[in-house]
Amino acid sequence: MIADVAFDAPVDHPFSYRVPAGWSLAAGQRVLAPLGGARRVGLVVAVRDGDDPGLKPLLALAETAPALGAAGLDLARWIAAESLSSLGSTSAALLPPVDPGAARAVAAALPSRDARAPARGVSTARPAGGGPAPGGAASGVELLVGAGRERRLLDRVAQAPSALVIVPDVEAAARWAQRLGKHRAVLRLDSGVPDGERAEAWARLRDGGVAVGTRSALLAPLAPDALLALVDEHEAAHKPPGPPRIHSRDVVLERAQRERRRALLTAATPSVELWWRAGERGGVAMTPPAPGPWPAVTIADTRGILRREPLTPPLARTVRETLAAGRRVLLLVSRLASSLACDECGEIVRCPQCALALVYTRAAATLSCRLCGTTLPLPDTCVHCQGRRLSPFGWGLERVEHAVRRRFPKARVARWDPEASRGAKGEAQRAAAAAAEIVIGTRGALRLFGPASLGLAGFVSPDQLLRLPDFRAGERMFALLWAAAERVGAHGSLVIQSQNPGHYALDAVARQELAAFYRAELKFRGELGYPPFRRLALVTVTGGERRLADEIVAALRASTRLTVYPPIAERRERARRIVVKGHADLSAALATALEDFRGPRPRSRGIIDVEVDPVEWPS
Ligand SMILES: [Zn+2]
Ligand SMILES: [Zn+2]
């Protein structure tokens, strides 16, 4: 017998090995095999008849039963194709780690076996779960939004015979395991538990039970009647860096459809893509949300206001009242964006073709578009009001902290920027923030607060989010404002200072009306051909000869299914990024166009990285 094995490497094709006599092996099982002079873990993708004495033999089984059944392997192939990753890298990222100790034990047990009496566990290798539910069990995808969505999900999981709950990160996995643990025993499939426990949970879940995991649990074999759930569908953490670069939402939707499984997704503010599917495109059911508790929302117009003071009178007054009532204040400050806006009217200087905020480069005194590559000289006046003050001005965390301390000298004030504070210093800052009356923080600081735990959430200048050179800028700002409002609840205040007080995202939050935001956002996306109407990909070429990027552009442009923009220089000319727009078949069109460039290449020829459906646009 010959086994074809895929490894965690950026090569598309598997490698063939001889299966030692007496072994019983199935596709979807992991083995140890010699590769490039080392013992490497690989995934068997096929076992076939044959006898090629030139092939090297496999070294050992890495697990007693296949981690993936036929359906799971097929889904892994789909993920690899959609994300332009190799099948080996995809399975390495989406399967529980192999325990080297167990691998040795399995290997030691092998030689004494003959074909009629194989060692226990090996010959019983059955296809792992994941096949279609027999008898056409109920299927359907449901989106849970609005107040009480997590409660509803908990109830549904508690009643389900079996369920797999996918959450954005390990911290959330621990929290959900605890919540679900009040109802029944919970298996953990994330890296927050020891590898052995995780591997055992993986094997047990196909017989039923409830499991919580992160993205690495997406392929876990499930009982036929198991429910598939995805928590906080809108979180960018569902698409972490590293292959396969695909959002968990896309895998959950694909798996639910293939296996005719019920799937539940929750989101405070669903991605525009999912909202669109729930509405116009169909396939996803959504119950209109019941209005939950909501704060009093004030939008403070900061157009034309001088920049000496980050707190307008309405915000300063609400801070004072909230402190007097003994409640806590969170002031949210966004990172400074490198784009220009008009001081008088708030208009952001945008690319005429793409409507993205143009990136301002002080040294070169130019503006450039991060999508189409257009470079423009600095304008003298605002296109909207002919105002003459266009600046990259924004408020940073430290300046806001300084102003707040001056204004409220008796209050306990702490600054908290989780993305910038790590290690022991970060822990100390977090502890200070947890005890402070006024926290001045970035978006990550919201995690310090549970639902309805804040007296006031104040946004100093959320316009900085709108100034990001990203077509999702509006969606980002909306999600953040909405999340803050939920953490305030009914008996508190949300104050938003803005130079764009008429923006539809602000209006939708003030009215607590999700649909109002998506209506306007979908119109914008449709007019400019952004997702979900078209798909985008970033092709980054690092190193190699200068002409490599040009060759790739030419190959992409030869495809009638793709719109290709000129390459943009990145990282001081060390890389070139090419933006590609396509349709539903974007992945397949890219794979065809780039066929000659993918796979192993000599170093001098550079590295080609493809990211389909990028969540965060590089700025
Ligand atoms: Zn203006
Ligand atoms: Zn542009």
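Q: Which residues are the protein donors of the zinc ion (ligand 1)?
A: In this predicted model, the donor atoms of the zinc ion (ligand 1) are SG atoms lying 2.2 to 2.4 Å from it. Along the chain, the donor residues follow the spacing C-x2-C-x36-C-x2-C. The protein donors are Cys342, Cys345, Cys382 and Cys385.

Q: How many residues apart are Cys342 and Cys382, and where does each of the two lie?
A: Both residues donate to the zinc ion (ligand 1), and the pair links distant parts of the chain. Cys342 belongs to strand β15 (residues 341-342), whereas Cys382 sits in the loop between β18 (375-377) and β19 (390-391), which places the two 40 residues apart.

Q: Is Cys342 buried or exposed?
A: The cut-off for a buried residue is a relative accessible area under 20%. The relative accessibility of Cys342 is 0%, and therefore Cys342 counts as buried.

Q: Which residues are the protein donors of the zinc ion (ligand 2)?
A: Around the zinc ion (ligand 2), the donors are again SG atoms, lying 2.3 Å from the ion. Their spacing in the sequence is C-x2-C-x14-C-x2-C, and among them Cys351 and Cys354 are buried. The protein donors are Cys351, Cys354, Cys369 and Cys372.

Q: What is the arrangement of the 4 donor atoms around the zinc ion (ligand 2)?
A: Four donors count as tetrahedral if all angles lie between 85 and 135 degrees. Because the 4 donor atoms around the zinc ion (ligand 2) subtend angles of 106 to 112 degrees, their arrangement is tetrahedral.

Q: How many disulfides does a search of the whole structure find?
A: A disulfide is taken as a pair of cysteine sulfur atoms within 2.5 Å. When the whole structure is searched for such pairs, the number of disulfides found is 0.

Q: Which strands stand at the edges of the open sheet of 5 strands?
A: The sheet is open, its pairing is antiparallel, and its strands follow the order β2-β1-β4-β3-β5. An edge strand here has a single partner strand, so one side of it is left without a neighbour in the sheet. The strands at the edges are β2 (15-18) and β5 (60-61).

Q: What is the bridge partner of Leu32 in β4?
A: Strand β3 (residues 30-35) runs antiparallel to strand β4 (residues 38-48), and 6 bridges join the two. Leu32 has its bridge partner in β4, and that partner is Val41.

Terms used
Residues are numbered from 1 along each chain as its sequence is written. Chains are lettered from A and ligands numbered from 1 in the order in which they are written. This is a predicted model: local features need pLDDT of at least 70, side-chain atom pairs count only at pLDDT 80 or more; totals for chains, interfaces and linings use all residues. Side-chain values use heavy atoms; hydrogens and water are left out. Donors are N, O and S atoms within 2.8 Å of the metal (3.2 Å for Na, K and Ca); water is not among the atoms, so sites may look incomplete. Four donors count as tetrahedral if all angles lie between 85 and 135 degrees; four count as square planar and six as octahedral if opposite donors are over 155 degrees apart and all others between 65 and 115; anything else is irregular. Buried means under 20% relative accessible area, exposed over 50%, partly exposed in between (1.4 Å probe, protein chains only). Helices (H or I, at least four residues) and strands (E, at least two) are DSSP runs, numbered from the N terminus. Two strands pair if DSSP finds at least two bridges between them.
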